[in-house]
Amino acid sequence: MKYIDEFRDGTLARGLARSISAEADPARTYRLMEFCGGHTHAIFRYGVQDLMPANVRFVHGPGCPVCVLPMARIDQAIAMAVEHGVTLCTYGDLMRVPASERKSLLKAKAEGADIRMIYSTQDALTIARKAPERQVVLFAIGFETTTPPTAVALKTARAEGLENFSVYCNHVLTPAALGTILAAAKETSGDNAGVQLDGILGPSHVSTVIGSRPYECVPAEFGKPVVIAGFEPLDVMQSALMLIRQINQGQARVENQYTRAVTRDGNLKAQALMAEIFRPRETFEWRGLGFLPGSALRIAEAYAEFDAEQRFPVASNTSREIKGCECPSVLRGVMEPTDCKLFGTVCTPENPMGACMVSSEGACAAYWSYGRFRQPPAAASVDAA
Amino acid sequence: MARHDTQQTPAPRRFAGRLDLEHGTVDMSHGSGGRAMAQLIDELFRVHLENALLAQGNDQALFEPPPGRLVASTDGHVISPLFFPGGDIGALAVHGTVNDVAMAGARPLYLTASFILEEGLPLADLERIVASMGGAARAAGVQVIAGDTKVVERGKGDGCFISTTGIGVVPDGIQISGDRARPGDAILVSGSIGDHGVAILSKRENLGFETEIASDSQSLNDLVAAMIEAVPDIHCLRDPTRGGLATTLNELALQSRVGMQLREPAIPVRAEVSAACELLGLDPLYVANEGKLIAICAGDRAETLLAAMRAHPKGREAAIIGQVVADPHQFVQMETAFGGSRIVDWLAGEQLPRIC
């Protein structure tokens, strides 16, 4: 594939691997957090970790939209479909995420709720147009990457007078989550102790929208370098090398490896669209990170008539994770999936207990699907310790 | 349908008028067991599937079993859409079962077919499906010797479901089974993977992309015959349908209690298929095929088998993609083109529903 294969070239990878080995100081470790699930997936799918020296480790971040969605929001979506009888349109990944009382969207669908799997926001609009007698709700999730398409769907609905369409908005904001992880990293002991990090591989698709500017507070406030990294395996390796160089030189700057798509200011048109249609929420719950102020978006008053939360009010409940599920710690980077007692025993992609095992971008799913042979199961490592 | 040679006057017409194959639709009476059903069978099914055993006209086909070991296999087909680039449900219903029979090294002989039709299905579509089935059966050298038709109310089916059962005979000395892979064996695939799944996806209405990819739906019994002639001691054969190459290899690894080591660059994937998978977030290793097979044989026979496969039109792009290794975990692992390694796990969940 043109423009893809160039970034998956094995010869170039070996060259980069040699540079990384030559430049990484054997006397220290480099803990690099890849923020995005897309990076996690690439690292495992292409075996990038195999090409790294042992003292350069990837720490998996919370950038998997399905994984950070708290259970309560899925419960509410199910309630909309069941209590209000709406047609709920959702992406495939969300279908199997566990909700309360061993429910999931997939099980609710099997029990009769009208839940449809879609591939884009436009599919939801098409469903609404074809069934004017049905109330159609788009279950919108994701970081800044997927927010502009939701905005376009809302504008289209307004322009067409599509009264049976509304959006259940769960869009979240990357900088808030990154700040939380880094603030926790400052705490080195106690309950709030976070994962110790030496550098951040910054989001790729998100940054095409928001630009690299929003990360500039990271070096300033937390003294950590950030390299905006593309999603291809060579992007990941080159970005790791750039981080290692900054760390070696004692520097902390924002650098942009993904220059073919990301600028400092980002996509201004998309940003303007988001500012028109959405407003920041006071607070929003993230699985693993808790309630974070200003970390998510709601639909602005001007579009309130298309806000499913107002049109179809449902009780809000508190999210309670399944007992023993360490998704919250995995999402903060403080635990590896194999540290979880449920990993690979009761929790597998066929029977997920936590969201990180569902999404292909989830760290647990990536460990299980691509890397099982590398790590002994948790029980074995406990015995060894 | 007994005929009396002494009869002087022409037999009275059994039906008032011919089936309207251009504008007519399937209705409940076509499954009622009455005259309308008899007419559908006579004017549509028999026309395209006719053979001496079907012509017996009984509720069963009577035949003498051939000498040797017999195999039987059955397969239901619920694909959506019914017509897709490179095939349709009729041909697929033949290919699917013929291939399952052939994967024992068998020569497929007979098929039976059970149709579940939805009220409202255009008779023109049904005729296209049955004609395609007849063509596929003739091409594969099998006969459809018994059939059944049921009709369900509108909304209770999706146009047409077809179940087929196949019977074949295994040549003497052939012992092909999923539990015979041994460390040191070579793993071969007969051609590019993922074509069928991507062809189906490209026609799903909610995916607005066009590709030039056609399904690989085809019968493989002739390829298998050429393969066992060259290398009679093939250990395993299986067609990687639902779940794709990855899942089928995991099935074989589990059944034979072995591991497998693949080389990613050796696995044939069309550029259009990998591009479509890239866009949709799919992995071609997990995408369905309907006209490809995996073969496992002793390492020292691999080149002979590969040459025989490549000499056949249906195996021209065949490749040796890896080898069987000893592994108590029965993992399928792969050396990536990038230079790392990864596990190739079973498919989890449902990648694409209604694919065959």
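How many residues from chain A and from chain B does the contact take? In this predicted model, the answer is 25 residues from chain A and 20 residues from chain B. On the side of chain A that touches chain B, three helices each supply at least two residues: α1 (10-23), α2 (37-45) and α15 (363-371). Sorted by class, that side of chain A holds 13 nonpolar, four polar and eight charged residues.

Let us stay with chain A for its sheet. Five parallel strands make up an open sheet, and their order is β2-β1-β7-β8-β9. From one strand to the next, the twist averages 25°. Strand β1 (residues 30-36) of chain A runs parallel to β2(A), and six bridges join the two. Here you can find A:Arg31 opposite A:Arg57, which belongs to β2(A).

Now for chain B, where the domain assignment gives domain 1 (28-170) and domain 2 (186-343). Taken over C-alpha atoms, the centres of these two domains of chain B are 27 Å apart. Where they meet, 21 residues of domain 1 of chain B are in contact with 22 residues of domain 2 of chain B. On the domain 1 side, the elements of chain B that give two or more residues are α2 (89-102), β4 (107-118) and α3 (123-140). Of these, α2(B) gives the most, with eight residues.

The two sides described by class are set out here.

| Domain 1 of chain B, touching domain 2 of chain B | 14 residues | six residues | one residue |

Definitions and conventions:
Residues numbered from 1 in each chain as written. Chains lettered and ligands numbered in written order. Predicted model: local features only at pLDDT ≥ 70, side-chain atom pairs only at ≥ 80, totals over all residues. Pairing = 2+ DSSP bridges. Helix = DSSP H or I, 4+ residues; strand = E, 2+ residues; numbered from the N terminus. Axes fitted to C-alpha atoms, helices over the stretch in contact; angles between N-to-C directions. Contact = placed C-beta atoms within 7 Å. Nonpolar A, V, L, I, M, F, W, Y, C, P; charged D, E, K, R; others polar. Domains from an automatic or database assignment.
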